[in-house]
Amino acid sequence: MTGVTFELKATDGRARTGVIRTTRGDIRTPAFMPVGTAATVKAMMPESVAATGADILLGNTYHLMLRPGAERIARLGGLHRFMNWEKPILTDSGGFQVMSLADLRKLTEKGVTFRSHVDGSKHELTPERSMEIQRLLGSDIVMCFDECPALPADRARIEESMRLSMRWAARSKAAFGDRPGHALFGIQQGGLEPDLREESAKALRDIGFDGYAIGGLAVGEGQEAMFACLDYAPDMLPNDKPRYLMGVGKPDDILGAVKRGVDMMDCVLPSRSGRTGQAWTRRGQVNIKNARHADDPRPLDAECTCPACRNYSRAYLHHVFRAGEMISGMLLTWHNLHYYQELMAGMRAAIAEGRFDAWEGEFHAQRAEGDIAPL
Ligand SMILES: [Zn+2]
């Protein structure tokens, strides 16, 4: 036992609710993890992120190893102290971002060498180095180092990549060792091929992990293909461990994933949208840039209890966005993260009370109504 445990409290259809217990606090599932890429959730104070209801943040190994460096963060007391976030942190392995962001990548059996997109310096990431970096950061939930192709990709490429990732998963487990109070999650690969997904799931089950991620989705395949994969992929993973869908997504993606048995998700969408004038509400997406809001004294969402909706008008949010004021990104990010956490809380309650289908119907009905009519 690692000191990180998962208790499944209720199921409704395939949807599950439970709690992951860590030494830094409980994570209520289904959980949405805001992304704190460079040791900050952009435009948010950490106490504000906690106030939205987030139990856990995600940190990016690739960004932090390049700047300010994992050894430096360790010398400064670890990532929690460095960024003033006392609750749990999950770190990704760096594998996905190396492949999407770094320059001059070279992939071998051993790992990946690349040049930093920040300053061109040369680096190497291997399963062993990824485990070391995540240990230096002090991450509570550590992810295996893996590799995944963007979709569409041909079957041979997906198969080869998945088998490499499974060898890296075994090396990650060996390098992680025995670390009480910290969890290591394996990552299922295999693209949209059911037999490759099962081969990957079996390889991971044989190694044994504290939790299992579904990787290689939300990489360009579209919602329909992603849901088709989620119709079978989560059930290949152990029922008594958390299941984490990486990099998802829009509110309706999240709902569809939870409905299919996913327990954890992360995405930059609510924070990134907040900085580009996009708000996510129970009635769908609102573009605050739009001229229709310029004279509108009403809140973004009259039912929302976040500071942006409680204390400001659409006209103000429109004005500060147009004027390029920093408070624009601050308020919209807060609203979006608050909305996402309300969404998760709503699903957790609905699953616990056995009314997930009714909740889902209500979700879609509210969105179908669309935004409030212009004045
Ligand atoms: Zn709000």
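Start by selecting W280 and Q285: in this predicted model, W280 stands opposite Q285, a residue of strand β16. Now widen the selection to residues 278-281, which are strand β15, and residues 284-287, which are β16. The two strands run antiparallel and are joined by four bridges. Together they make a hairpin, with two residues between them.

Next, colour the chain by domain: domain 1 is 5-266 and domain 2 is 274-368. Their C-alpha centres lie 27 Å apart. Where they touch, 25 residues come from domain 1 and 22 residues from domain 2. On the domain 1 side, show β1 (5-12), β2 (15-22), β4 (31-34), α1 (46-51) and α10 (251-259), each of which supplies at least two residues. Helix α10 gives the most to this side, with five residues. By class, the domain 1 side has 14 nonpolar, five polar and six charged residues.

Select M33, L57, F185, L245, M265 and L317, which touch the most other members of the largest nonpolar core, a set of 103 residues. Zoom in on L245 and look for I214, L217, A257, V262 and M265, its contacts once residues up to four places away in sequence are left out.

Finally, select residues 14-368, which an unreviewed UniProt entry annotates as "domain: tRNA-guanine(15) transglycosylase-like". Over this stretch the chain is 44% helix and 18% strand, and the end C-alpha atoms are 25 Å apart.

How values were computed: Residues numbered from 1 in each chain as written. Predicted model: local features only at pLDDT ≥ 70, side-chain atom pairs only at ≥ 80, totals over all residues. UniProt positions renumbered as here; feature names shortened; annotations may be inferred. Pairing = 2+ DSSP bridges. Core = buried A, V, L, I, M, F, W, Y, C linked by C-beta atoms within 7 Å. Buried ≥ 20, exposed ≤ 12 C-beta atoms within 10 Å, placed from the backbone. Contact = placed C-beta atoms within 7 Å. Domains from an automatic or database assignment. Nonpolar A, V, L, I, M, F, W, Y, C, P; charged D, E, K, R; others polar.
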